[in-house]
Amino acid sequence: MDDHAGKVALVTGSSRGVGAETVRGLVRQRVAAVVNYRDKANRANALAEELRAEGGTVLTVQADVTEPASLARLHDEIAQEFGGLDFLILNASGGMERDADETYAMRLNRDAQVALVDTMLPLLRPGGRIVFVTSHQAHFYGQRAVPDAYRPVAESKQAGERALRERIPALEAAGVSLTVVSGDLIADTITVKMLERAQPGTVAAREAGAGRVLTVPEFADAVVAAALDPAAPSGETIFVGGADYLRQADG
């Protein structure tokens, strides 16, 4: 555990769900964590208090990652508190919200991810790693059918992944690597809840095909492991769950 002492991670969209559980996993490996949230201040602060009580180091920063001014402030607060970053976990995602306009998914899942990398790259120390968190339905978008309600998310997250992969040469020149972690359907996440409301039976259908769906801790553990693995090659995709889906996608 002491190998990671002094390291710093920014986890976007981390006041709840996979992001929050990823923060827990990193902090319990002695990584200092920046909890980024858009509007769930109470949840973010509760998470920080929980982990500080365990001896962890946690900074909470409100920032809407689709807004350049927010990104600049996020950069400045991290620089002031820690001086740099070792891990950038791109977990924030969306596009199914009721108040989202038709451009929001692409602005969040592609444009904001690229802007986050560009903004935080000067803070990332040599040997640092960026982890892009995605789903099988997004990673394989175009090869497999996706629920209609999820289509804007899948399309925009795949676009985000492609855009980040185009940055790999520049990242490697700075001594930073990129890992993609793709997951099958994850129970009890806000995205799955919205998908189930829009298209009831989605979870049951996936359980019938896969036997079960992933849990939040299972997927978060994979994200933490991807961040902390020093041997992972840049550009690697780690698939979590959904063996049947992966076989069909390959076919």
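Biologist: How many salt bridges does a search of the whole structure find?

Modeller: The search finds 13 salt bridges. A salt bridge here is a side-chain nitrogen of Lys or Arg within 4 Å of a carboxyl oxygen of Asp or Glu. Please note that this is a predicted model, in which local features need pLDDT of at least 70 and side-chain atom pairs count only at pLDDT 80 or more, while totals for chains, interfaces and linings use all residues. Residues are numbered from 1 along each chain as its sequence is written, and side-chain values use heavy atoms, with hydrogens and water left out.

Biologist: Why can such side chains pair?

Modeller: Side chains can pair because they carry opposite charges and their charged atoms come close.

Biologist: Which residue meets Asp101 in a salt bridge?

Modeller: Asp101 meets Arg107, with 3.2 Å from N to O.

Biologist: And how exposed are they, Asp101 and Arg107?

Modeller: Asp101 is partly exposed, as its relative accessible area is 42%. Arg107 has 30% and is also partly exposed. The cut-offs, with a 1.4 Å probe and protein chains only, are under 20% relative accessible area for buried and over 50% for exposed, with partly exposed in between.

Biologist: What does Arg110 bridge to?

Modeller: Arg110 forms a salt bridge with Asp111, and their closest N and O atoms are 2.7 Å apart. Arg110 is partly exposed at 31% relative accessibility, and Asp111 is partly exposed at 36%.

Biologist: What about Asp148, which residue does its side chain meet?

Modeller: Asp148 meets Arg151 in a salt bridge of 3.4 Å, N to O. Asp148 counts as exposed because its relative accessible area is 57%, whereas Arg151, with 36%, is partly exposed.

Biologist: Which residues are linked in a network of salt bridges?

Modeller: The network links Glu21, Arg24, Arg28, Glu50 and Glu54.

Biologist: Changing topic to the strands: which way do the residues of S1 point?

Modeller: Strand S1 covers residues 8-11; Val8 and Leu10 point one way, Ala9 and Val11 point the other way, and all are buried. Strands (E, at least two residues) and helices (H or I, at least four) are DSSP runs, numbered from the N terminus.

Biologist: How many bridges join S1 to S2?

Modeller: Four bridges join S1 to S2 (residues 32-37), and the two strands run parallel. Two strands pair if DSSP finds at least two bridges between them. Ala9 has Ala33 as its bridge partner in S2.

Biologist: Where does Ala33 lead next, what stands opposite it in S3?

Modeller: Val58 stands opposite Ala33. S2 and S3 pair in the parallel sense over five bridges. Strand S3, residues 58-62, is mostly covered, with four of its five residues buried.

Biologist: How far apart in space are Asp229 and Leu10?

Modeller: Their C-alpha atoms are 17 Å apart, although 219 residues separate them in sequence. Asp229 lies in the loop between helix H10 (216-228) and strand S7 (236-240), and Asp229 is partly exposed at 33%.

Biologist: And Val117, is it buried or exposed?

Modeller: Val117 is buried, with 2% relative accessibility, and belongs to helix H4. Its C-alpha atom is separated by 29 Å from that of Pro147, which is 30 residues away along the chain.

Biologist: Last one: where is Arg98 found?

Modeller: Arg98 sits in the loop between strand S4 (85-90) and helix H4 (104-120). At 82% relative accessibility, Arg98 is exposed.
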